[in-house]
Amino acid sequence: MVMSDRAAATYDWFKKREQELHHEASQNAGKLALHDLWRLSYYKQPYLLLQSDEAILERFRDVFMNGLDLNHKGQITPTPMLANDNRLGRLFTEIIEETNWRGILTKDSMSEGLEQLNTYFSDGTPPGVKMFEGRAEVDGDWLVKFSKRKYIEDAFHHGRLRISPASEYAKGSHLRAVKDLETARPYKLRAFTEAMRGETSVKFQGHTLPIEKGTVDLEFMMDDYFLFCTCTDISRRMPTDFEADAALIIKDKMAFIDRLRKAFAQQYPNWEFLEGNVYYYDPFNDIPKDMNQEFWKHISFFYQKEHRCVLRPKRKEEVELQAFFVELGSLEDISEMVLHS
């Protein structure tokens, strides 16, 4: 392993700070402030230390942009980074440690994130704010579908829904939010300790994999599947991200899912139906232990709060999946339609 002089000096400083925090805890009945506990954990194994500046900046943008949201007044506000087991708060603390010693956090380095923020206000008040004027959040265990007005009206009055294969989400859009490759899940398995010992590869599930920059790159590939996505709450960012001017608020979640399940079964009787909330995984901290990877999505999309209905073959299919429509009948009894005026 080749480590730059600056990275080596930083590693030594991390080890010194680790000892100082251990001493501080010993003087305080073993207790530390939460942010110092995160720092202590990171100093013990600074798994990002060998990553490139570009990778660190991308990770900073991923975490930072999920730490912001649009409220019902159209204001950019911080999101609770201590929710969901403090994940965003811990990751933000770690990435600040990395950007600090590298000195790479500048206005220019945030241009991509700032451009995304500015897009929400390109026509003045964000469309998502206008669409949900006077409403802060959904009232219960509801689902929200964002789309074009004509499709939402079709869904509301007739229950007509377009069901797309997951592979379609990676085609043709300039929007990052809908460009996620839904049939692949990239991971970076930690191998920092092995790299520090001078090892160049690790064994994983019977394979010898090379260590690059303190991690092992791994990609979990899936066969194509059908996907219907909604959100579990109002999002004022999603209408801009998905060029939507309408939303369907589904108020009886279980009735809707039951109707969709039955409609799927009519067209694909031998396929498997699953539904659930998405888990936003961190490539550096999660490993692909869940076989239902259809419900795992990169943490950069954490703000979407997505729910999925998935239809997948029980056996490998050799045919290319094509989008199809289902007819559930009118959804007026279990939903309401919200239009951007």
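Guide: Let's start with tyrosine 42, which counts as buried at 1% relative accessibility (buried is under 20% relative accessible area, exposed over 50%, partly exposed in between, with a 1.4 Å probe and protein chains only). Phenylalanine 14 also comes out at 1%, so that residue counts as buried too. Keep in mind that this is a predicted model, where local features need pLDDT of at least 70, side-chain atom pairs count only at pLDDT 80 or more, and totals for chains, interfaces and linings use all residues. Residues are numbered from 1 along each chain as its sequence is written, and side-chain values use heavy atoms, with hydrogens and water left out.

Now the rings. A search of the whole structure turns up 23 aromatic pairs; rings of Phe, Tyr and Trp (its six-membered ring) pair if their centres lie within 6.5 Å, and planes under 30 degrees apart count as stacked, over 60 as edge-to-face and the rest as tilted. For phenylalanine 14 and tyrosine 42, the centres are 5.8 Å apart and the planes sit at 70 degrees, so this pair is edge-to-face. Phenylalanine 14 belongs to helix H1 (residues 5–26) and tyrosine 42 to helix H2 (residues 34–44), so the pair ties together parts 28 residues apart in sequence. Helices (H or I, at least four residues) and strands (E, at least two) are DSSP runs, numbered from the N terminus. Both rings are in one aromatic cluster made up of Trp13, Phe14, Tyr42, Tyr43, Tyr47 and Phe284.

Rings also meet charges here. The charged end of lysine 145 sits over the ring of phenylalanine 228, 4.6 Å from its centre (that takes NZ of Lys or CZ of Arg within 6 Å of the ring centre and within 35 degrees of the ring normal). Lysine 297 does likewise with phenylalanine 301, its charged end 5.0 Å from the ring centre.

Lysine 145 turns up again among the contacts of threonine 230, which also touches Leu143, Val144, Lys305, Glu306 and His307, not counting residues up to four places away in sequence; contact means heavy atoms within 4.5 Å. Threonine 230 is in strand E9 (residues 226–231) and counts as buried at 4% relative accessibility.

The disulfide count is 0. Cysteine 229 is buried at 13%, and cysteine 231 is buried at 3%.

Definitions and conventions. A disulfide is a pair of cysteine sulfur atoms within 2.5 Å.
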